[in-house]
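Visitor: I would like a close look at one part of this model, the pockets and what lines them. Please take it in one connected answer.

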Amino acid sequence: MTNELQIYIDGKYYPKSEAKISVYDHGFLYGDGVFEGIRAYNGVVFKLKEHVDRLYRSAHAIMLNIPLTKEQMIQAVVETLRKNKMKDSYIRLVVSRGVGDLGLDPRKCPKPTVIIIADSISIRAGNAKETGITTMFSWVRRNPVDATTHEIKSLNYLNSVLAKIEANACGVDEAICLEPSGCIAEGVGENVFIVKDGEVLTPPTSTGALAGITAEVVAQLCQKLKIKLTVANLTPFMIFTADEAFFTGTAMEVVPIREVNKRQIGDGKPGPVTKRLLAEFQKVIEDPASGTKI
Ligand code: PMP
């Protein structure tokens, strides 16, 4: 018996040290595949249905037929968590094109590979929520919407990885990616929001940003709290001069941004609107109705 994590690959479970895929898998060779990052809080998989829906939308866009129904996929995720006796987890769901030959033609890959990893995660990452984080604009532009757009949650993440490398090299916490005309698209794995005169603004997905599930929760919270939310193109100037700014994402949840390219945002501390949304977001993740029970 092993205490290792049990990883789901194509319907079977393998201990982490033995969970391997072929070097001929086109997910590895070409980044040809799609994925989701999902969290479970206290025995409930947060917005699992929404994540599975998005996975299938991404797959549809790259003409990848997932060999499970959505309901089977939901069950497979829940089963993986049960097997690992996990109540709080960061889940990675990957569907790659599968094993082919060394050419890039997807027709040579008869069977997609389905992987579910349910790993542990610390619920609170440092004190970023109290202090806010530092950011910078990356020199590498978000891919245009008619290229490998991040609207598709594909395995092609080099665009985000390059931005992250830049942030690391410059000693800031996270990068913000601009779209080809210079407006803000999103973070490397987060959506961006600003607050100006009590109004919340966020860029449209036509900037090549992913339609974030956390962002959607925040949009619903704005509605509930009667905070005006506008989807609009945001220039770098608009974030420099915002009263508040924050990121949303599955891994980060809601995190205040206190600095962009060394310009302080507002008074450099998490502002009242961000703090309110953060507190309300906490209530949503604690609500068992916000997801699928394990
Ligand atoms: N943008 C990108 C590029 C991402 O990878 C993610 C993480 N999935 C997000 C935004 C945030 O989306 P979500 O809130 O669904 O995690």
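Visitor: How do the residues of the lining of the second largest pocket divide into nonpolar, polar and charged?

Guide: The model is a predicted one. In the lining of the second largest pocket, 14 residues are nonpolar, 5 are polar and 6 are charged. The volume of this pocket is about 380 Å³. It is lined by 25 residues, and those closest to its centre are Ala 211, Gly 212, Ile 213, Ala 215 and Glu 216. Helix H6 makes the greatest contribution to this lining, with 6 residues. At least two residues each come from H2, strand S10 (191-196), H6 and strand S12 (229-231). Because domain 1 (6-119) and domain 2 (128-285) both give residues to the lining, the second largest pocket lies between them.

The largest pocket can be described in the same terms. It holds about 480 Å³ of space. Its lining has 29 residues, of which Lys 153, Tyr 157, Val 188, Gly 189 and Glu 190 are the closest to the centre. Two or more lining residues are given by each of strand S3 (33-41), helix H2 (48-61), strand S5 (89-96), helix H5 (158-170), helix H6 (213-224) and strand S13 (244-249). Among these elements, S5 gives the most, with 3 residues. By residue class, the lining of the largest pocket has 10 nonpolar, 11 polar and 8 charged members. Domain 1 (6-119) and domain 2 (128-285) each supply at least three residues to the lining of the largest pocket.

Asp 25 sits in the loop that runs between strand S2 (12-15) and helix H1 (26-30). Its relative accessibility is 1%, so Asp 25 counts as buried. Leaving aside residues up to four places away in sequence, Asp 25 touches Ser 96, Arg 97, Gly 98, Val 99 and Thr 113. Two of these contacts are polar ones between side chains. The side chains of Asp 25 and Ser 96 are joined by a polar contact of 2.6 Å, and the side chain of Asp 25 also makes a polar contact of 2.6 Å with that of Thr 113. Between Asp 25 and Thr 113 there are 88 residues of separation in sequence, while their C-alpha atoms are 8.0 Å apart in space.

Definitions and conventions. Residues numbered from 1 in each chain as written. Predicted model: local features only at pLDDT ≥ 70, side-chain atom pairs only at ≥ 80, totals over all residues. Heavy atoms only, no water. Helix = DSSP H or I, 4+ residues; strand = E, 2+ residues; numbered from the N terminus. Buried < 20%, exposed > 50% of the residue type's maximum accessible area, 1.4 Å probe, protein only. Contact = heavy atoms within 4.5 Å. Polar contact = N/O pair within 3.5 Å; in protein donor to acceptor, adjacent residues only side chain to side chain. 1 Å grid on protein atoms, 1.4 Å probe; cavity = no way out; pocket = protein on both sides within 12 Å on 5 of 7 lines; lining within 4 Å. Points joined across faces, edges and corners; volume = space filled by probe spheres on them. Nonpolar A, V, L, I, M, F, W, Y, C, P; charged D, E, K, R; others polar. Domains from an automatic or database assignment.
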